[in-house]
Amino acid sequence: MDWLPTFSQVQPWHWWVLGALLLLLELAAPGVFFVWLALAAFTLGLVVFVLPLPVTVQLLLFAALSVASFVIGRRLVTRLPGSEGEGTLNTGATRFLGRTVTVTAPIVNGVGRVRVGDSEWRATGPDLPAGSRVLVVGAEGTTLQVDVEHRTLERT
């Protein structure tokens, strides 16, 4: 078993194999963590290829590269569009806030229905006849809270 490394002879390819194993682990595990460790291992493999270092220095450098790649990677990932919950996935009816919709079933005693796109939603708000244009001002579960659409009149 001469191919197994000892602590006195860690070669660059050992770091590259570790990086590949960490990438496989990333595929199997949820989240984005092992990819940063893999990046550190690949980088350290390149450094050791160019500049042979003692194993203790390699281990310390791997630890430092792991922390650095994790911190830098997290900063880059949080700057990506949609990474801070900006999407509409699982936002429910709140994604319609600020939208103007049409009342399809009259709002009577504070309850009616409005058309949003190609679907109808339960709505609460002031009593209004069908065909009225209203503004979605809130949402509670699957019920939209609407109010009379206020238009500014232009002076001629």
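In which sense do strand S1 and strand S4 pair, and over how many bridges?

1. **Ground rules.** This is a predicted model, in which local features need pLDDT of at least 70, side-chain atom pairs count only at pLDDT 80 or more, and totals for chains, interfaces and linings use all residues. Residues are numbered from 1 along each chain as its sequence is written, and side-chain values use heavy atoms, with hydrogens and water left out.

2. **S1 with S4.** Strand S1 covers residues 100-108 and strand S4 covers residues 133-140. They pair in the antiparallel sense, over 3 bridges. To count as paired, two strands need at least two bridges found by DSSP. Look for threonine 100: it stands opposite leucine 135 in S4.

3. **S1 with S2.** Strand S2 spans residues 111-116. It runs antiparallel to S1, joined by 4 bridges. Here valine 103 faces valine 114 of S2 as its opposite residue.

4. **The turn.** S1 and S2 form a hairpin with 2 residues between the strands. In this hairpin, asparagine 109 has a positive phi near 55°.

5. **The whole chain.** The protein chain has 3 helices and 5 strands. Both are DSSP runs numbered from the N terminus: helices are H or I with at least four residues, strands are E with at least two. Along the sequence, the order is α-α-α-β-β-β-β-β.

6. **Burial and surface.** The protein chain has 156 residues, and 26% of them are buried (under 20% relative accessible area, 1.4 Å probe, protein chains only). The chain exposes about 10800 Å², by the Shrake-Rupley method with a 1.4 Å probe. Carbon and sulfur atoms supply 65% of that area.

Technical notes: Buried < 20%, exposed > 50% of the residue type's maximum accessible area, 1.4 Å probe, protein only.
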